[in-house]
Amino acid sequence: MKNARNLPFLATLIVFLVAYGLCTLQFPNMFSTRVIANLLSDNAFLGIVAVGMTFVILSGGIDLSVGSVIAFTSVFVAVLVGSFGLHPLTAFVLALVLSTLFGAGMGLMIRYLSIPPFVVTLAGMFLARGAAYLVSTQSVPITHPFFETIQGLYLRLPGGGRLTAMAMLMLVVFAVGALVASRTRFGANVYALGGNEQSAALMGVPVGRTIIGIYALSGFLSGLSGIAYTIYTSSGYSLATVGIELDAIAAVVIGGTLLTGGTGLVAGTLVGILIQGLIQTYIVFDGTLSSWWTKIVIGILLFAFIALQRAIIWYSNRRLADGASRGELRGAA
Amino acid sequence: MSSQSPLLEARNIGKSFLGIAALDGVDFTLQRGEIHALLGENGAGKSTLIKILTGVYRRDRGSIQLEGSEILPETVADAQALGIGTVYQEVNLLENLTVAENLYLGRQPRRFGLLDRKAMTAGAKTLLSRYGLDIDVNALLSSYSVAVRQIVAIARAVDLSGKVLILDEPTASLDGHEVEMLFTVLRQLKAEGLGIVIITHFLAQVYAVADRATVLRNGRLVGSRVLEGLPRMDLISMMLGRELLEIENDHAADHAVTTPAGDAPIRFEQYGRRGSVAPFDLSIRPGEVVGIAGLLGSGRSETAFLMFGIDRADSGQALIDGKPVQLSSPQAAIANGFGFCPEERKTDGIIGEFSVAENIALALQARDGWARPMSAKKQRALAQEFIRSLDIRPPDPDRPIKFLSGGNQQKAILARWLVTEPRLLILDEPTRGIDIGAHAEILKMIEKLCREGMALVVISSELEELTAVAHRVIVLSDRAHVAELKGADVTADNIMRAIATPATTEAA
């Protein structure tokens, strides 16, 4: 944790804690498990998709398709359950298989046609959105006992907060994501790719397999996020979650992951999500502020964090240059 | 040692690219416990040979035997698995990972399916302690100096491969102390029986660490010699491809007379840049050709970069007509009447998609600024004039320049600078990669420009070229100006002698 690469994460964590502290000073009621549980539940689908985005950005890529995939999944599930009478679980599995294959296909194109991720996933964004319209342009409500059961599941926290099933799902995704990133070869390869693809290849990283895996993972988590969104809203709507990919990217960057790849933590993204949720909650508590203030504050935070990352890189380079010029070399006598 | 079969033996290696031979019948033999220097100028075929040995390229013909059995590595991973590891000049490690992560990327120890970070830390520590390196292996690689990174790269390569270690210019960005640290490691590995191939431009380092040297030139084997007792002069003449029996230069005599006297209008005083070129004095008069000689990596091009403002000097000053000027950018140099034809014509000199006329007009446009665009008609008229006077073929100003031959491209670049009527024109390897006929024409043009009163600086690794056109020759060695030859002293023999004389500043 003493590494310079964890500094942005620590900075984000401090910003969140300080901001939360200030909020509770103004509105003591904000300091409750109820608020925290709601904050987690309301942002569950965003958090899930942001974990996938973290892997993509760590590898030096970008995935613009996630918002459309969420919308497609929600409409797809709603129509399968509502019009075709499939059991929700069957619909979930089908949706997850589709979204994972979709992501893997984009990874395949990025790798083997050497098209930049931005372009491939931009095309994927239009494609998935169009497919969602094709399934239904109407908002499709879902009434199914299974949905009601899941919506009724929650963990009662001390203080009256209700940690919903979706919030728990998000936390599990974050925990598994963090483990994969830090303790598996796949995770190590993702960081290596983000550092320098050519060097990584020379060092024996299976570049193709890793890239396809990364976008397949992002596709899978978009599908899962779509399912969470469907349960959260009890409906499927093809116009939903427009621009959510940008919220996810913002959460990842505010969480301390370098947009150029190679540096960052999955846990940071969780803090990024919490900061966004905190701003929304504050606006609700205040009651007079326009909800656009969320966007403004997030914009300012993004600028601040990107500047911070630059400053850290600049500082550590300078320290290194100083060390080298003083001839600080240990060992090898 | 001679009783054993060699560790690595390459026989009659050939490789062509698009019908042009990059390597032609080259033999290379590496023994166990040997440090073997691979030497040659640009385009000699060193990197092609290395890439064939390490599986980046496939050879067209010839055989490679490792420990007596034939090998044909098809990928870098193949070569690594066979036991051939490589460390490149730009260290091929990942700065965003820790030292331990770098050492174990792709082969991490695991427990219960998860990476065992404890084992990685311990393993990395043991691995590096062999090289006398006691550092925090969980710190980012980017927090260590290039020398440490270099040793980490070597540790990884040796641990992964362990028979042959190939180092491509490992010392290019190290200082004297760091070089010694690296050499200590290499000597230790040699004592352990590894075969080490090292590519470097620093002859002093070759003598300091290597046992044997193989010299390539123009894709062919010149020879392989034991370094102990081999005079530097012999090694340099192998690299530059000349016999010492001197053919007397007929130009030298009249050059002595034509050198004008008086204060030079363009002067550089103690001009230099740390880590690039040691401070030098240089004065150039109109109607004079100053040659710059030296081996590859001796600071030839760096001198030109400084003079043209591509690199900023951190010591000394430049004087024009007695007044100090700031050559802080190429624009500033152009404003002061300088022109520069770079060595890498294809990447630095021309814009391939642009027509001949547009390429010629480029420097003039840059001088005048974008606010005063030149009409297409004027560009063409200008181009027509130079196409005629320089005999550029085909004489079509609208043809994209990439379809012209190397010699004609070079003429077009020359034309570009001549349009701006420079006082000083710097030419870096003006005849590289062009055919014999065009070669002579370019040299003739240099002499003509010089007669018309232009000052020229010509950088070349072709000694004949320098002795033919230059009035004076500055000799560079190990990034410092070591000698200046004038008039009758400008002979290939003297230039080589000057290159061979070890620089007095060398600590190693």
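Analyst: In this predicted model, chain B has a radius of gyration of 25 Å, which agrees with the value near 23 Å that a compact globule of 508 residues would have. The C-alpha trace of chain B spans about 75 × 55 × 45 Å along its principal axes. Chain B contains 18 helices and 22 strands, and 56% of its 508 residues are buried. Of the contacts in chain B with a separation of 6 or more, 67% are between residues 24 or more positions apart.

Now the rings. Over all chains, the structure holds 16 aromatic pairs. One of them joins Phe45(A) and Tyr232(A), a tilted pair at 6.3 Å centre to centre with 35° between the planes. Phe45(A) sits in helix H3 (residues 44-58) of chain A and Tyr232(A) in helix H11 (residues 207-233) of chain A, so this pair links distant parts of the chain, 187 residues apart. Phe45(A) has 10% relative accessibility and therefore counts as buried, the cut-off being under 20%.

Phe268(B) belongs to strand E13 (residues 266-273) and Phe280(B) to strand E14 (residues 277-284), so the pair ties together parts 12 residues apart in sequence. Phe268(B) and Phe280(B) are both buried. Chain B also has a cluster in which ring pairs link Phe305(B), Phe308(B), Phe340(B) and Trp417(B).

Technical notes:
Residues numbered from 1 in each chain as written. Chains lettered and ligands numbered in written order. Predicted model: local features only at pLDDT ≥ 70, side-chain atom pairs only at ≥ 80, totals over all residues. Heavy atoms only, no water. Helix = DSSP H or I, 4+ residues; strand = E, 2+ residues; numbered from the N terminus. Rg over C-alpha atoms; globule rule 2.2 N^0.38 Å. Buried < 20%, exposed > 50% of the residue type's maximum accessible area, 1.4 Å probe, protein only. Contact = heavy atoms within 4.5 Å. Phe/Tyr/Trp six-rings, centres within 6.5 Å; stacked < 30°, edge-to-face > 60°.
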